[in-house]
Amino acid sequence: MATPYVEQDVSAVSQMISALEAARKDKRHGGFSCKKTTFKVKPSRDGIDVDSWRMQDWDYKKKGLPTYARGLFTTKNSRNAPEIAVRGYDKFFNVNEVNETKWDVILKNTKGPYELTLKENGCIIFVAGLEDDTLLVCSKHSTGDRSDVELSHARAGEIRLEKQLAAVGKTKGDLARELRSRNITAVAELCDDSFEEHILAYENDKAGLYLHGINLNLPEFATYPSNLVQEFAAQWGFIKTDLLMMEDVNEVKTFLEDVAKTGSYSGRDVEGFVIRCKMSHNPTQLPYQDWFFKFKFEEPYLMYRQWRECTKAMISGKQPKFKKHIKITEEYLMYAKKQLAANPNLSKLYNQNHGIIKLRDDFLAYKNIKGSDAANLDVLDRVVMTEVTKNVILAPIATIGCGKTTLALALKHLFGWGHIQNDNISGKGRPPRFVKAVMDQLKEHPVVFADRNNAQRHERKQLIGDVKAQDVETRIVCLNFRHDEETIDEIRRITQERIIERGDNHQTIHAATDQEKYMEVMEGFIKRFEECNTNSPPDAGFELVIDLDPTAGTRVNLETLVNELHLSLPNVVKEVPSPEKLDEAMEYALGYTPDFKHTIPDRGGKKDSKAGQRQQQQAQPKKKKLEYMAIGVATDLINKILDKAFKGVGPETSRFYLQLKNSRRVQRAFHVTLMHNAMAPQYPELWKRYVELHEAAGGGDALLGECDVILERVVFDDRIMAIVVRIVDEENKWVCVNRVAHITVGTRDASVKPKESNDLLAKWLEVGAGGDGNVIQEVVFADKVTARGQVKGVLSR
Ligand code: GTP
Ligand code: MG
């Protein structure tokens, strides 16, 4: 490729300067404002002056400017002719920042090759040659020394340059002559933590001048193709800027949107990309010209910047201000505060932009979390305590029969955690002894379930107060069995029903023997219930609150709880057990019978009377009924197909899927429901047949048969997502009674039940996907995949 060369045209340059001059003197003249600063170029023999021209950022968006160069220095040569000494890039904009950088305009008006360079993160340095072979080194708008004590950007760049030239056996004069003979400005990024830290780390051999462009010194923008830039970099000892070439603009868009999801590329956090290409404002009529746009990643970059600013505010005794990433930033600041207090020198260095990255990385390491994940946390505003591995206390706020003990037993079965039942403690001074028993168990178990109702605030106060008074650093997780006005009657009904069924099977409440008395006790708990309020003491003392629903059944609450613990205490619940494991734990827990009984007077346990009458009872295993028939489909396959399908679509379309994934609301196992027992009245024959087939196969989760399932498309709104499938079953043995056979992929939160897929798909049949004001979207699978399905019965809980 020929090296572009165009000589400066004196009249064009002088026209440009006059227009800038006019705008400087009279803002209204050109509709933009312009500032000129004159610098004496020190090392030059003849005392050459250069003028720096600076416009306001927003003025670059205006039409008809004499030049769009950002970073422009002019001078006069010995013949008194004006010339451009340094020429930066045309100001370029972020995607969507101006009309030209809207994707649809980019798709239409640009052509390749597209050169993508990492947006290096330092300060820009321009290098050019003057007439007398002086090498002119400038930062964006200035050159020379700032003061005697402080190193200017331009000067720091020059020192770097001297080093790199020496390494390739060349002088500043050589480089000045070369640049001048080509009529070019070399544009580089000075990235050097030893001089000044920005947001990303550049140390040792990573530090230096990254050459990323070479511009012709002309009013209009003309720049070297990247291969020539890289060649030049190699010749003159610059560090090369990494480059990606793409021919297809759609490929560019997909690539950028993909990297944006994490904000990191080839293993490091990046600020964004600059994309170089050719653009015509009207490709059929106007020629293409060199044109740049940028694609800046929001996160974790913005979060890091926020941390830096907040840290500086804190150091100077001001209140740090921040609006995003609230929780993690608060935690970071707490951490930073401790570090700064422990090391007084750190503050001073930090203000000079040293140690910024280390402090941030130390915090992330302490939290055991990646920057991109930390930036994602407040999507859910979730508390995440990655540093916690033990000393966790689970403390319910509940009433009688909410399923506390059942839940505790299931957890004990799953994870081997500790469990202290208040009901097993009798005699005097129960509250402190209860706490003591919990603390004792923490010595052997990472988590202990403190099984007590804590329905009233004073009970929580005692629990939290006594726990926090210990030497051990604990985290108390509140299992908040919500008692809302709308559900209170339902809670009453369900818990009473359970207790009646439980009969004598409890330490303090012997339902079958004195029903009336304990109904009163139960009602007393509900009446005295004081709801959780984390804005004030004592509930503010909980490190984490997990909402549970007393009407939902313990299996649901168990799942909610382990999911939430996994997300908030990822190093306590390292992975979520399979649904089968959860089922098994429930089976164990529901079969439990206490082996300790004592009687208490009316008010649920103030004073204990004769305690410890031991009674052995047999567990009553409940007979479980067939709840629904389903075709199970391999989890991996479905996940793979979904990942693939949502990869090729825009962020609007993939948003909900990513939300489900990030909030771990994608089902862990997938099935097509054939029929639920709730439909038995409508299809009595079919249900009877299914029940018989199930029993004939041996019940439980026995395999009833196999069939193929064709996956067609995925349909979703902002609440629920389902895959529309076709069941291939020539004998018509596996009849699906749902209007549209489907696999529910996931729901937004626990309040949206999987069966609502039916409503979604009914609406989809009616109005279709897409279109104005329609929230239903679909992605049709490019290749129809056939999955092998396994027909099984699923038992009720
Ligand atoms: P107290 O200790 O009396 O305050 O109650 P608790 O909150 O510990 O409730 P527990 O776990 O003892 O549950 C009460 C009864 O309901 C027990 O017989 C459980 O076996 C039963 N039970 C718990 N969860 C469920 C459930 O999800 N479904 C059904 N059907 N029964 C449940
Ligand atoms: Mg209990």
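In this model, an oxygen atom of ligand 1 lies 2.6 Å from an N or O atom in the side chain of Lys404, a polar contact in the sense of a pair of N or O atoms within 3.5 Å. The model is predicted, so that local features need pLDDT of at least 70 and side-chain atom pairs count only at pLDDT 80 or more, while totals for chains, interfaces and linings use all residues. Residues are numbered from 1 along each chain as its sequence is written, chains are lettered from A and ligands numbered from 1 in the order in which they are written, and side-chain values use heavy atoms, with hydrogens and water left out.

**Ligand 1**

- An N or O atom in the side chain of Thr406 is 2.4 Å from an oxygen atom of ligand 1, and a backbone N or O atom of Cys402 lies 3.3 Å from an oxygen atom of the ligand.
- Ligand 1 taken alone exposes 640 Å², of which the protein buries 84% (Shrake-Rupley method, 1.4 Å probe).
- The ligand is surrounded by 16 residues (a heavy atom within 4 Å), and Lys404, Thr405, Thr406, Arg502 and Thr554 are the closest.
- Helix H13 (404-415) gives the most to this shell, with three residues (helices are DSSP runs of H or I, at least four residues, and strands are runs of E, at least two, numbered from the N terminus).

**Sheet**

- Five strands form an open sheet of mixed pairing, in the order E5-E16-E15-E6-E12 (pairing requires at least two DSSP bridges).
- Strands E15 (residues 272-279) and E16 (residues 289-296) pair in the antiparallel sense over eight bridges, and Ile275 stands opposite Phe293 in E16.

How values were computed
A polar contact is a pair of N or O atoms within 3.5 Å; within protein, one must be able to donate a hydrogen and the other to accept it, and residues adjacent in sequence count only if both atoms are side-chain atoms.
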